[in-house]
Amino acid sequence: MSVVMSKSTGLPPEDPASAPENPSYADLVAQVARFRALTGLSSDWYWEEDDQYRTVLTTFGNRQGREGATVLGKRRWERTDLTPIGFTWEEHRASLEARQSFRGLQVRFARADGAVHIWSLAGEPFYSTDGRFLGYRGIGSDTTRAFRDAALKGGERRLFERLAAGAPQSALLAEACRTLEAVLARPGTALMMRLDRDGLLRPAAGPSVAAQLLSAIDANGIRPAADAITCGEAAFRNAVAVCPNIAADPRWASCLEVARSTGVCAAWSTPIRASSGAVIGTLGVLHPVCAAPAETDLEAARNIASLAGVLVERFEAEARLRESEARFRQLTLLSSDWYWEQDRDYRFISTEEVAGRRDKPIGESIGLTRWERPGTRPVGTTWEAHREDLKARRSFAHLVLEITLPDGLRRYVAVRGEPVFDAAGEFTGYRGTGTDITERYRADLVRSGERHLFELFSADAALEELMEILCRTFESALARPGVASVYLAEAGELRLAAGASLDAEYRTRVRTVPIGDACGSCGTCVHRNEVVVCRDLSTDPLWDGWRDAVAPTAYASCWSTPIRGAAGQVIGTIAIYAKTVADPDASDRELMASAASLAGVLIERFRAASAERESEQRYRSLVEVSQDGVMVSDGGRILYANPGLARILKVVDAQELLGRDFADMVLPEYRPLLRERTRRVSVDRVSLGYVEVRIVCMDGGTADIEICGTPIEVGGRRLVQSNLRDISARKWAERELKVLNETLEQRVAERTAELSQANQALEAFSYTVAHDLRAPLRAIDGYARLLIEDASERLTEAMLRDLETIRRTALRMAGLIDGLLDFSRLAREPAARSTVSMRSLAESVAAEILADPAGGAQRRPRIRVGTLPEVMGDMAMLRQVWSNLIGNAVKFSATTLEPEVTIDCAGVGDEHVFSVRDNGVGFDDRYADKLFGVFQRLHSQTSFPGTGVGLAIVQRIIERHGGRVFAESRPGQGATFSFTLPGRVAPGTSVMTPE
């Protein structure tokens with residue numbers, strides 16, 4: 001039984017209603033769904049082609065933000081935006097015609113904006129049930145990042161290999177340009193420039209740059225000028241130069257026409273620096289479209305420029321060496337350096353300079369054997385082996401000797417010899433020639449060591465191992481014997497990174513060295529950023545603080561060379577310790593400059609790789625210990641989950657969550673929102689903040705969470721990272737708070753009713769006090785007054801005094817009742833807020849008090865009113881405050897000879913502090929708080945009459961205005977009563993003043 005397949009794709013029809021009645025149809029649909037889900041996890045998109053290789057289905061638009069319909073109906077080789085990598089379309093079509101599956105088919109995809117992506121395609125043919133070929137289907141992945149990283153590493157590896165193999169400089173620089181071109185995000189051609197001896201910038205390599213443009217640039221050389229094009233700007237300003245549009249940039253005026261005719265629209269350049277930090281050239285890119293470079297392109301250019309600096313310096317050094325060797329070969333082609341003869345006991349009996357040499361520094365010693373000569377040792381063999389050759393009467397042609405001269409310099413000679421026999425055949429000795437091979441031998445040692453270094457570097461060796469090999473390599477090539485050490489600048493000091501040949505005790509004492517003047521050779525070298533030579537450690541002032549450390553050793557001199565990074569900054573130093581008091585040889589200076597340059601490249605590359613690994617490890621550690629949940633998903637399916645997410649979803653192991661669709665764990669009402677947010681993050685590549693949803697945990701319970709999403713890219717795949725927070729406890733607290741708020745409203749209503757009843761009772765009490773108590777007091781006062789008026793002739797003087805006392809007591813009782821009513825009324829009456837002029841109000845109240853005839857014969861004080869601001873408040877209540885305070889001040893200062901009252905205000909922060917100060921009797925301020933209580937007094941009624949309610953009323957009014965009251969005094973020194981009010985007055989408010 002056959003299954004009906006879609007004509008275009010060979011898969012079951014999308015509409016099950018159009019399918020025949022077939023028991024296996026549902027299983028087939030399920031299998032196809034699983035297949036597409038698996039391909040979605042393992043790749044970026046899925047595609048299908050018909051039997052003519054035309055695209056009929058693609059999910060490319062869902063993953064990459066591009067409409068897949070634009071490629072439907074087209075064959076792969078008919079698309080102008082695709083270019084094959086490592087194969088031809090003809091070869092590809094041949095494999096399709098042969099119905100072969102393909103994997104890892106790489107093509108270059110050019111986007112509309114000029115950016116280039118690398119795709120990896122895989123496909124296989126599929127057939128109908130009757131064996132008929134229906135087309136191809138497969139998957140695609142964006143491998144741009146991996147392709148570029150591999151291309152950059154491969155290019156660097158090829159450069160190292162070709163350098164070790166002795167490739168010419170032009171070939172290496174061209175290879176560096178091609179490496180940069182291969183990793184560019186936007187297509188372009190690389191151009192390398194070199195500064196010549198005249199300070200002009202000229203092309204050094206540009207294998208893909210148009211010949212006419214190279215000729216135009218090279219015609220006169222680039223000079224420091226306004227039209228120095230981009231590479232000139234980078235070289236002469238020692239900084240990256242970017243020109244997104246050369247037509248609008250005056251720097252390209254001199255070459256604009258030829259540049260535009262060759263299709264150049266944008267350019268940028270980065271400096272190439274020597275180990276000293278000086279610019280020796282530039283590395284730039286020319287683009288056919290107007291655009292600024294991507295940051296990844298700039299980083300790649302900086303890396304390759306750093307390598308180019310090392311290459312250029314190395315070739316310059318080797319060129320000088322080759323010139324020296326060429327001159328040497330010209331001399332040695334004519335003759336050797338010297339001629340020698342030995343007797344039958346191998347003692348030198350004759351030595352003669354060939355070709356009239358008179359500067360023989362390392363000739364043989366008459367009367368001595370070769371192994372008896374001081375400072376001489378064989379290289380690569382032993383004296384015992386050499387003597388065995390002599391005893392066997394063998395000729396020798398490549399005996400290499402290391403000879404240390406009296407001045408401490410080390411030379412290398414190659415000796416050849418053959419046995420001599422007399423006419424009778426008796427052995428009479430040896431004779432031969434010697435040649436100085438010092439320069440060639442040292443160069444071979446350095447090249448061999450560098451080759452070993454490059455191999456270890458490519459194999460990811462540790463930095464300490466690389467530095468130790470560097471030290472041993474250059475120790476062996478020094479003209480003056482010495483031991484090398486490398487220090488790295490870290491955290492403001494130097495740390496010993498390599499120095500296995502150093503004295504063990506000394507190495508322990510100098511594991512860290514401070515940076516600064518008089519910090520030995522190394523610390524001073526880094527501080528000054530220059531070579532530091534200490535010829536005699538026993539007398540050099542730079543070693544005053546370190547002489548105790550070096551004294552037990554045999555080191556007599558030391559010199560240090562700074563190690564610089566690509567930007568010219570000092571990152572360490574390499575030092576040489578010698579056992580003789582002497583300055584370094586010129587060849588040793590050049591040798592150590594080369595060593596420092598190589599060390600700088602190795603250190604920066606190693607640190608960059610280590611920083612990347614540490615960053616990744618630190619990120620993973622933070623994610624693993626985070627209490628929040630973190631997951632990485634592709635289309636909603638979980639690819640990674642941290643332990644925090646496992647805790648939130650109530651599973652033991654986070655691995656149980658992998659492959660699940662997180663949307664299935666969300667309650668149905670939240671799923672549309674979550675799927676739309678996932679689409680926006682995945683397709684539109686935007687980050688979205690936290691949103692609250694409810695989920696069903698793996699144990700069946702529910703939880704409230706917050707979730708946010710961020711787009712990420714891993715291995716060329718566009719994924720989504722989501723952070724989740726468990727907010728179940730907070731949501732429970734919010735629900736409980738809502739219930740409490742609802743019950744709170746009911747309790748407030750009940751309390752309001754109770755307060756209303758209490759106010760009604762208070763009003764009833766006030767009514768009783770106002771009417772029921774006042775009437776008897778008025779009666780007592782009235783009858784006492786009538787009795788005095790009607791029977792004064794019959795009453796004794798004592799009786800009259802008693803009646804007056806009754807009247808005064810009744811009147812005082814009435815005053816107390818009035819004060820109490822005034823005090824209680826303040827709690828009920830609302831405050832009518834307006835802007836009040838406090839100066840006008842205080843002056844008005846003071847005038848009324850001074851004009852009151854009830855003052856009698858009391859001394860009238862002098863009242864001074866200072867500058868008082870305007871405030872917001874109830875004018876009637878504030879009048880009562882001033883009346884009570886000024887009245888008290890007048891009353892309690894009346895007994896002094898010159899009574900005086902001062903009214904003033906001071907601003908403190910956001911409030912005004914008003915004060916009323918007198919020079920009256922004062923009081924003990926230990927009892928100041930009691931003054932503001934109802935009926936509280938500190939003076940007798942006979943001395944100073946009053947009800948004892950006035951200050952309590954003042955406090956009640958000021959507190960209703962948001963202020964406070966306080967008092968200061970000393971007995972006999974007057975008193976100061978103060979109150980505060982808020983200092984802000986709404987702009988545009990009308991000011992109330994007393995009539």
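In the predicted model, helix H3 (residues 89-97) lies across strands S3, S4 (102-110) and S6 (133-142), and runs at about 140° to S4. Helix H4 (residues 144-164) also packs on the sheet, where it touches S4, S5 (116-127) and S6. The direction of H4 makes about 120° with that of S5.

The sheet itself is open and consists of six strands in the order S2-S1-S6-S5-S4-S3, with antiparallel pairing. Strands S2 (55-58) and S3 (82-84) stand at the edges; each has a single partner strand, so one side of each is left without a neighbour in the sheet. From one strand to the next, the twist averages 30°. Glu49 has Thr55, in S2, as its bridge partner.

Most residues other than glycine have a negative phi. Ala491, which is not a glycine, has a positive phi of about 55°. Ala491 is placed in the loop between strand S18 (482-490) and strand S19 (493-498). Its relative accessibility is 85%, and Ala491 therefore counts as exposed, the cut-off being over 50%.

Asn529 likewise has a positive phi, near 60°. This residue lies in the loop between helix H14 (520-528) and strand S21 (532-534). With a relative accessibility of 33%, Asn529 counts as partly exposed, because this class falls between the limits of under 20% for buried and over 50% for exposed.

Technical notes: Residues are numbered from 1 along each chain as its sequence is written. This is a predicted model: local features need pLDDT of at least 70, side-chain atom pairs count only at pLDDT 80 or more; totals for chains, interfaces and linings use all residues. Side-chain values use heavy atoms; hydrogens and water are left out. Two strands pair if DSSP finds at least two bridges between them. Helices (H or I, at least four residues) and strands (E, at least two) are DSSP runs, numbered from the N terminus. Axes are lines fitted to C-alpha atoms, for helices over the stretch in contact, and angles run from 0 to 180 degrees between N-to-C directions. Contact means heavy atoms within 4.5 Å. Buried means under 20% relative accessible area, exposed over 50%, partly exposed in between (1.4 Å probe, protein chains only).
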